[in-house]
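Have the structure open as you read.

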Amino acid sequence: MANDPGSWNRYSYTRGDPVNRVDPSGQIDCWSYYLYLTNTGFTDPDSLLGNCEGQQGETGSELDPCSQLAEEFGFSDDANCNDGDGSSEYAMIQPTLLAGGKYSISQTAAITNGFNAAIGYLDNPKCADLFVTEGTPDFATATAVEQLENTTYGVTSMKPGVAAVTENSTWVELASNGAFFNSAPNANGTVSETGPNSNGKDTTFTFASTTVLQAFILLHELGHQMGVLPPDANKAINGANSAAVLQDCFTKVNGVYQ
Amino acid sequence: MTARMRWVIRGLFILLAAGVVANATSEPALTALIHGLVATPAEGGPPSLLQVGIQFGARLTNKSGTTVPVPQETAAEGGAIRSAVIIAELQEPNGDWRRLFTSFWFGSPKDIYEPCAQLAPGGTTEIKGLDDKMVFPRSGLGSAGPDITIRFDLWLFCRQPDGTVPDTSVTTEPFSLKLPSEAN
């Protein structure tokens, strides 16, 4: 790992290629287990997982958190666990979850994947520039990433159609019954959801994967958090905000945002 | 190009886009009076969040010179979505408004909208049986409550005969809300 340039910058787990690096297997990573354990009252996840950073243990070894979790909880091992042991090269960054919330493993994994993918997209200067606020110099990448890292994510059921809510700069609540957690992949693995376009008309948007969709939702909310996107007072503004995020942070290939 | 210039240009683009759309679609000038509001605590969230289920009615008046598509006065069977509280704002003691939350509408279910009613210029209609769920950090309320003055940016949903769902939204008149003390 030390010879891998991608491991030098903790913000670039996607190796500057979020399209192809966003956890394509849908595996649950070490941090997801860690957060799950923390939020289900497990008092000492470190005893099982270490600190989850730089996990390099071989599958089945004492350093492999998935093996230990599999033994402890009866989870199947690497079939659904990404611990950086060689079956996956992704060293996830831990998002902050709202204290006292109740999160399933799959919800925790979805937040972790989307959060890390969003950080990956911010490696792109064009995307990072979207979040430049007035008076902020051009090192906005760190600012936007820091804002993501300072955000506390929660999960709550909401009005059907609402994907997330936010207001103050450090809080985002994701709808447990919304698109973030419930988008079923198409046969080819892409994900399609309906939302307003910049004309306020309902339009179908297709994303390369669930994780790409999740990153889009988090980046849209990040725009509100940082004050660069106005509140979604009507569908046209909502659509214009989404268009700004999609244009600056994502690439559209054959009608699919990546 | 400096970061400041890019920010200004982006802001102008968004405002222009919103303005063009508003003009192009002759955004109707609705007013909305909220009435009959009942707030109940929603369970299950962490202590730091206030989650409140609300039921209410809305008296809509068309102040524009064109017909405005709005939901039917009463809900049909089947649980179609007729409205969504997208933004809630709290009135501060000094009269200023402070946002409590803004919602991101994305991933809307399909075929869940009732046919639109058409509200004639100058006309008024009573929309009954609306509901929603508000979620926001308790810290956002500050020292306010349990009686607060609040207003919504409310989106209204219905389906036109051509199948489209119009972009109808309204900022409600301010109204009083008693927050349920046992809300969690």
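Which residues in H10(A) are buried? They are A:Lys235, A:Ala236, A:Ile237, A:Asn238, A:Gly239, A:Ala240, A:Asn241, A:Ser242, A:Ala244, A:Val245 and A:Cys249. Here a residue is buried if 20 or more other C-beta atoms lie within 10 Å of its own, exposed if 12 or fewer, and partly exposed in between, with C-beta atoms placed from the backbone.

Before going on, some ground rules. This is a predicted model, in which local features need pLDDT of at least 70 and side-chain atom pairs count only at pLDDT 80 or more, while totals for chains, interfaces and linings use all residues. Residues are numbered from 1 along each chain as its sequence is written, and chains are lettered from A and ligands numbered from 1 in the order in which they are written. Helices (H or I, at least four residues) and strands (E, at least two) are DSSP runs, numbered from the N terminus.

Back to H10(A). Eleven of its 15 residues are buried, so the helix is largely enclosed by the rest of the structure. From first C-alpha to last, H10(A) reaches 21 Å, close to the 21 Å expected at 1.5 Å a residue; that expected span is 1.5 Å times one less than the number of residues. A:Ala243 lies in this helix too, but counts as partly exposed because it has 17 C-beta neighbours inside 10 Å. Leaving aside neighbours within four places in sequence, A:Ala243 is in contact with A:Asn197 and A:Ser198, contact being C-beta atoms, placed from the backbone, within 7 Å.

Now for the meeting of the chains. The contact takes 56 residues from chain A and 45 residues from chain B. On the chain A side, the elements giving two or more residues are strands E4 (152-156), E5 (162-166), E6 (171-175) and E7 (191-196), and helices H9 (210-225) and H10 (235-249). H10(A) gives the most, with six residues. By type, this side of chain A divides into 23 nonpolar, 21 polar and twelve charged residues. In that count, Ala, Val, Leu, Ile, Met, Phe, Trp, Tyr, Cys and Pro are nonpolar, Asp, Glu, Lys and Arg charged, and the others, Gly among them, polar.

E5(A) pairs in the antiparallel sense over four bridges with strand E5 (residues 97-105) of chain B; strands pair if DSSP finds at least two bridges between them. A:Val162 stands opposite B:Trp105, and A:Thr166 has B:Thr102 as its bridge partner in E5(B). Within chain A, three bridges join E5(A) to E6(A), again antiparallel, and a hairpin connects the two through four residues. A:Thr166 turns up here as well, with A:Val172 as its partner in E6(A).

Chain B has an open antiparallel sheet of three strands, in the order E1-E2-E7. Strands E1 (30-41) and E7 (124-137) stand at the edges with a single partner each, so one side of each is left without a neighbour in the sheet.

Finally, the largest nonpolar core has 98 residues, among which A:Ala118 and A:Ile217 touch the most other members. Such a core is a set of buried Ala, Val, Leu, Ile, Met, Phe, Trp, Tyr and Cys residues joined through C-beta atoms within 7 Å.

Note on methods: Two residues are in contact if their C-beta atoms, placed from the backbone, lie within 7 Å.
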